[in-house]
Amino acid sequence: MIADGTRSETGHGLDFLSDPVLVVTVDGQIAEMNTAAKALLGAKLGTGRLADLLADDHEDFRQFLRSASGSTAPRPGKLVLHTLNGPQRFMLQAARSKQDSTPVQVILRLLQQGSDRFATLDRRVKALDAE
């Protein structure tokens, strides 16, 4: 989805992911976002520029995007965004989209810092083993 709510031409089909995911150009223009990202960021999208939501150093993030745009392999990072619930820190996975597009697009997967899904899974497996 584009910032105005219309479907983008690339249509990455990101709504199946429960994590917030944004597709941005190297200059930070939001090209598409999934439902989880919309719920997290809401109307704060405004102009459709990720820089409008950054609580971190914009230049550091621009360099991160340029670096991530060079590979389709996930690149880890960190980010603080202004969300509907105030500033939140996220771990990132970022990689260049495999779809041909001009300008180059980077897919950003936002992971809540401190959330460990595998810890929950591990506890459930241990509980089942104990039965």
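Analyst: A salt bridge here is a side-chain nitrogen of Lys or Arg within 4 Å of a carboxyl oxygen of Asp or Glu. This is a predicted model, in which local features need pLDDT of at least 70 and side-chain atom pairs count only at pLDDT 80 or more, while totals for chains, interfaces and linings use all residues. Residues are numbered from 1 along each chain as its sequence is written, and side-chain values use heavy atoms, with hydrogens and water left out.

User: How many salt bridges are found in the whole structure?

Analyst: Side chains of opposite charge can pair when their charged atoms come close. With the 4 Å limit applied, the search of the whole structure gives a count of 3.

User: Which residue meets Arg-109 in a salt bridge, and how many residues apart in sequence are the parts that the pair ties together?

Analyst: The side chain of Arg-109 meets that of Asp-19, at 2.6 Å from N to O. Helices (H or I, at least four residues) and strands (E, at least two) are DSSP runs, numbered from the N terminus. Arg-109 lies in strand 5 (residues 105–112) and Asp-19 in the segment before strand 1 (21–25), so the pair, Arg-109 with Asp-19, ties together parts whose separation in sequence is 90 residues.

User: Which residues are linked in a network of salt bridges?

Analyst: Arg-62 and Glu-59 meet at 2.9 Å, N to O, and both lie in helix 2 (residues 58–68), 3 residues apart, or about one turn of the helix. Arg-66 also forms a salt bridge with Glu-59, with the closest N and O atoms 3.2 Å apart. The linked residues are Glu-59, Arg-62 and Arg-66.

User: About how much space lies in the largest cavity?

Analyst: On a 1 Å grid over the protein atoms alone, a cavity is a set of points where a 1.4 Å probe fits but cannot get out, and lining residues have an atom within 4 Å of a point. Grid points are joined across faces, edges and corners, and a volume is the space filled by probe spheres set on the points. The count comes to 1 cavity of 30 Å³ or more. Among the residues lining the largest cavity are Asp-27, His-58 and Arg-62, and the space in this cavity is about 80 Å³.

Note on methods
On a 1 Å grid over the protein atoms alone, a cavity is a set of points where a 1.4 Å probe fits but cannot get out, and a pocket is an open set with protein on both sides within 12 Å along at least five of seven lines; lining residues have an atom within 4 Å of a point.
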